[in-house]
Amino acid sequence: MDIAKMENALWAKKYIGKDSHQYWESLPVHLLDTQRVISWLLDTQVDDGLKQFLTQKLSSNELQKLVSFLGFAHDIGKATPAFQFKAQSDLELMAKLSQNGFSVPSEEWSSSKESPHAKAGEVILLENHIPESVCTIIGAHHGLADSVLPRGQIAKYKADYWQRDKNQDIQKPWQNVQQALVERAVTSAGYHDISEIPEVDQPTAIILEGLLITADWLASNESLFPLVPVKATIDDVDTRFKKALETLEKAKQWHPASINLENSPSFFQQRWGFDPHPFQKKVLISVSQMTDPGMVIIEDAMGRGKTEAALSAVELIADKTKRNSVFIGLPTRATSDAMFHRVKAWATQVGIPTIKLLHSQSSLNDEYTSLSDWLSATNVNADQDDRYEEPVTNDWFNGKKATLAPLVVGTVDYLLSMGLKKRHLFFQHLAFSDKIVVLDEVHAYDTYMTSYLTKVLRWLGAYHVPVIMLSATLPKKKRNELMEAYLEGKYGEDYQFNPSYCVPRNWQNEERYPLLSLIDGYQIEQVTDDKHQQDKVIQVKRLVQDDKQLVRLILTKISQGGVAGVLLNTVRRTQRVAQLLLSQIKDQHENVEVLVLHSAFIAPDRFEREQQLQKLIGKAGDRPKKLVVFGTQVLEQSLDIDFDVLFTDIAPMDSLLQRIGRLQRHGLKRPSMLKQPQVFVIGGPDSKGYGTANEMIYEKYYLMRTDNFLPDKISLPKDISPLVQKVYDSDKAVEMPGIEAALVNLQKYQGIEDGRAETFQIDDPDFESGLTLHGWLDRGQPGADQEANAAVRDIQETVEVILLRKRGNNICLLDKRASNIDDIADKTIARQIIRLPVALTSNNRKIEQVISQLTADTKKIFPDLRQRLWLKDSLVLLLNEDNTRSLEGYRLAYSQTFGLGYVKEDDDETDV
């Protein structure tokens with residue numbers, strides 16, 4: 001029997017068309033398609049920076065051959081009866097097999113289900129003595145590797161591979177075609193013999209796996225590689241591939257400009273419209289002089305242009321390392337949206353063709369979703385005459401492929417999940433190994449998230465990915481931890497013993513500010529600005545008053561005019577104090593504007609408030625005569641706003657300083673009573689501590705140390721680093737009653753959090769040659785620490801709902817529109833999203849009860865929910881006409897002024 005005909009009788013893809021006819025793709029065609037796609041990906045889509053990593057142990061020619069081999073060999077496991085007879089009911093496909101030497105069983109075929117085609121491919125290659133580390137890539141190409149190498153698989157499940165346990169006449173065609181396909185994989189890749197195929201280390205295998213998964217996805221896309229009627233064949237695979245390329249090559253890449261600071265001294269000014277201050281200049285010069293860019297940490301005061309410095313550094317590093325894609329990670333959705341707005345114009349200037357915004361509500365961001373509708377605009381690059389179009393969204397970069405886009409802005413969770421054991425993690429490693437990574441607000445990560453961050457930094461170091469980090473209030477202990485994790489990943493745990501390792505004296509205790517820390521190859525450099533900008537002296541006053549006294553003080557401070565910021569630690573407290581102040585204003589007939597902003601507003605209301613704040617007290621705001629702004633931690637980040645006087649609950653020093661960064665931020669004329677910047681810090685310890693709510697949010701130990709070190713005056717920026725280091729350096733002793741017990745509790749908590757985080761984390765990178773992917777994503781035995789969440793944040797689970805209300809016989813939005821929701825676009829309805837208070841979802845039982853009740857309500861409102869794209873996964877909370885609703889023992893009330901409040905139904909008063 002002609003072996004080529006036998007190969008071509010095997011099917012790889014099939015479906016029944018709308019015309020009721022059978023369509024198919026033969027196995028050799030799919031293998032060739034995938035081989036061509038993966039070679040194209042390596043040649044044109046993998047940037048030179050990642051190629052440098054992949055060719056540390058392989059030559060460029062060896063890499064190309066290995067990638068080509070993987071592309072053809074990936075689905076060899078489909079050349080088995082276990083796979084082919086899945087189509088036993090497709091008579092035309094079975095006829096092809098029967099006519100070309102295979103014995104098609106007349107009885108119903110029963111597979112052991114122990115030989116899925118990915119594992120079968122790995123087994124067939126192992127039988128042909130292909131290196132184990134390469135075989136495992138084939139076995140894991142559907143996103144998950146087995147725990148162990150599948151030795152003895154054919155002996156145990158012989159019928160899955162050869163159809164019969166003993167009948168050699170029936171076995172022989174399968175054995176022959178499998179052997180032929182292996183030989184074809186070897187020769188088509190350019191090898192002369194199997195012995196030429198190299199072993200690979202685990203990090204290299206992970207990237208190759210990601211590349212193979214991507215190639216297989218693309219080659220399986222029927223719009224790119226269409227199937228044909230069963231009676232037809234695909235003979236011209238070259239023309240077929242060229243046609244697919246016409247679509248694939250629409251996914252444009254970024255081509256970073258070559259930047260020479262000596263030849264382009266106005267580079268920064270052209271990007272940002274202003275000249276760099278001395279520290280920004282030092283950042284640019286230092287980064288431009290790096291020879292092997294690893295990590296860049298920029299520590300500078302709030303509002304001092306760290307983002308502009310970082311994005312300029314991205315351009316310099318992109319040119320130097322030949323990397324052409326960027327990820328910018330932020331702590332929250334709100335900070336991601338704010339950064340997206342800032343980055344969009346920069347992306348246009350530098351010619352980045354595609355930008356993705358990644359967080360759970362990005363589809364509701366109009367600025368982002370409108371990108372695909374933008375008209376072309378002409379913008380001239382600072383160093384070239386090329387004209388660029390504004391970046392767009394590109395459908396190719398949707399779903400799992402989103403992180404492959406040339407520019408991704410999103411919550412840091414997408415990066416941190418690189419360290420989380422989950423299916424298709426290989427693809428995520430491919431996406432981030434190809435990037436320059438920028439992380440903002442790195443001081444804001446708690447113990448649990450920091451555990452993931454350090455894990456991910458080891459892997460980014462292993463892949464030689466340049467990382468830029470930004471913070472105004474970074475403890476030196478965390479700075480050291482982050483730098484050491486990166487070095488360990490790039491050079492191994494013994495990096496400090498390498499002769500090239502060179503560091504400044506006492507670098508781990510550096511407290512100068514502002515500070516630039518660089519990892520350049522094996523060298524660490526730290527740079528500061530000796531010419532400090534003029535310090536702003538802020539008076540710090542402590543308040544231990546009840547809320548009524550606080551309200552009177554706030555109104556007194558702005559009696560002659562001014563904008564007061566009141567930053568409190570919880571939504572309920574914010575709502576309560578804001579209500580008191582409004583009552584006081586009403587009683588005294590005061591003309592004071594009040595604006596409340598926190599997380600308990602539906603998305604449109606929150607966005608409207610953010611926009612209003614920017615217009616009123618942003619850098620060029622139209623400041624009102626008297627304004628009091630109430631908010632929670634959402635005001636610490638992302639919003640460039642300016643208060644004349646600040647009131648804040650006590651918080652750890654870094655958070656306090658972030659809040660103080662919103663005090664007299666810009667050089668504006670101040671009311672006569674508020675010319676001297678003042679911050680009033682509310683709360684201090686009583687016999688029970690700092691209050692249950694404060695200690696639920698912040699560790700008591702750090703509150704105590706902040707309390708101890710908080711001075712009567714703060715000079716910004718000079719005092720930022722010394723104050724942060726005092727609080728977070730446990731070697732600096734503090735004599736306070738109960739602080740030792742607080743430290744013990746902190747250490748216990750951190751140990752628990754580290755343990756919970758490690759439960760689902762991958763191992764550190766291991767460059768031992770031949771180490772396979774087996775077991776890399778194993779999560780242990782069932783029941784092992786089931787309380788640990790397979791997530792990169794250890795947060796209380798909450799439920800998000802769409803908030804609607806009854807109005808007569810209609811169901812309406814909460815705004816002034818009287819239209820029934822039947823007359824409102826689904827996307828507009830989907831925007832009315834809000835998280836329920838944690839009190840309603842504090843344990844699994846409560847969550848199940850809430851979801852059960854809301855699911856029933858939602859089905860009544862939207863019977864066709866599953867067919868509505870924007871609403872299909874939503875829950876609706878329907879309020880009464882007075883904007884209230886009882887739910888699981890609580891009375892909820894929504895106010896346009898205060899947001900969503902709640903109270904137990906047996907209490908006498910509500911919070912809104």
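Residue D238 lies in helix α13, which spans residues 237–248. The structure is a predicted model, and the following paragraphs describe selected parts of it. D238 is partly exposed, because its relative accessible area is 41%, and buried would require a value under 20%. D238 and A603 are 365 residues apart in sequence, and their C-alpha atoms are 50 Å apart in space.

Strand β17 covers residues 626–631 and is mostly covered, as 6 of its 6 residues are buried. In a regular strand the side chains alternate between the two faces of the sheet. In β17, K626, V628 and F630 point one way, whereas L627, V629 and G631 point the other way, and all are buried.

Strands of a sheet pair through backbone hydrogen bonds, either parallel or antiparallel. Strand β15 (residues 562–567) runs parallel to β17 and is joined to it by 6 bridges. Within this pairing, V563 stands opposite L627 of β17. Strand β16 (residues 593–597) also runs parallel to β17, with 5 bridges between the two. Here V594 has V628 of β17 as its bridge partner. Helix α25 (residues 603–617) belongs to this region too: β16, α25 and β17 make a right-handed β-α-β unit.

**Antiparallel pairings**

An open sheet of 3 strands has the order β1-β2-β3, and its pairing is antiparallel. Its edge strands are β1 (11–16) and β3 (228–229), each of which pairs on one side only. Strand β2 (residues 22–26) is joined to β1 by 5 bridges, and W24 in β2 is the bridge partner of K14. Helix α6 (residues 91–99) lies across β1 and β2 and runs at about 35° to β2.

Another antiparallel pair is formed by strand β12 (residues 515–520) and strand β13 (residues 523–528), which are joined by 6 bridges. S517 stands opposite Q526 in β13. The hairpin of β12 and β13 has 2 residues between the strands, and G521 takes a positive phi near 60° there.

| Strand pair | Bridges | Direction |
|---|---|---|
| β15 and β17 | 6 bridges | parallel |
| β16 and β17 | 5 bridges | parallel |
| β1 and β2 | 5 bridges | antiparallel |
| β12 and β13 | 6 bridges | antiparallel |

**A contact between two helices**

How do the axes of helices α12 and α20 cross, and at what angle? The axes of α12 (residues 202–219) and α20 (residues 425–433) come within 7 Å and cross at roughly 105°. The two helices are therefore roughly perpendicular to each other. On the side of α12, the contact is made by I206, I207, E209, G210, L211, I213, T214 and W217. On the side of α20, F426, F427, H429, L430 and S433 take part. The residues of this contact divide into 8 nonpolar, 4 polar and 1 charged.

**A buried lysine**

Is K476 buried or exposed? K476 is found in helix α22, which covers residues 476–491. K476 counts as buried because its relative accessibility is 8%, and the cut-off for buried is under 20%. Leaving aside residues up to four places away in sequence, K476 touches Q508, N509, E510, E511, Q725, D729 and K732.

Notes:
Residues numbered from 1 in each chain as written. Predicted model: local features only at pLDDT ≥ 70, side-chain atom pairs only at ≥ 80, totals over all residues. Heavy atoms only, no water. Axes fitted to C-alpha atoms, helices over the stretch in contact; angles between N-to-C directions. Helix = DSSP H or I, 4+ residues; strand = E, 2+ residues; numbered from the N terminus. Parallel < 35°, antiparallel > 145°, perpendicular 65-115°, else oblique. Contact = heavy atoms within 4.5 Å. Nonpolar A, V, L, I, M, F, W, Y, C, P; charged D, E, K, R; others polar. Pairing = 2+ DSSP bridges. Buried < 20%, exposed > 50% of the residue type's maximum accessible area, 1.4 Å probe, protein only. Right-handed = clockwise from strand over helix to strand, strands pointing away.
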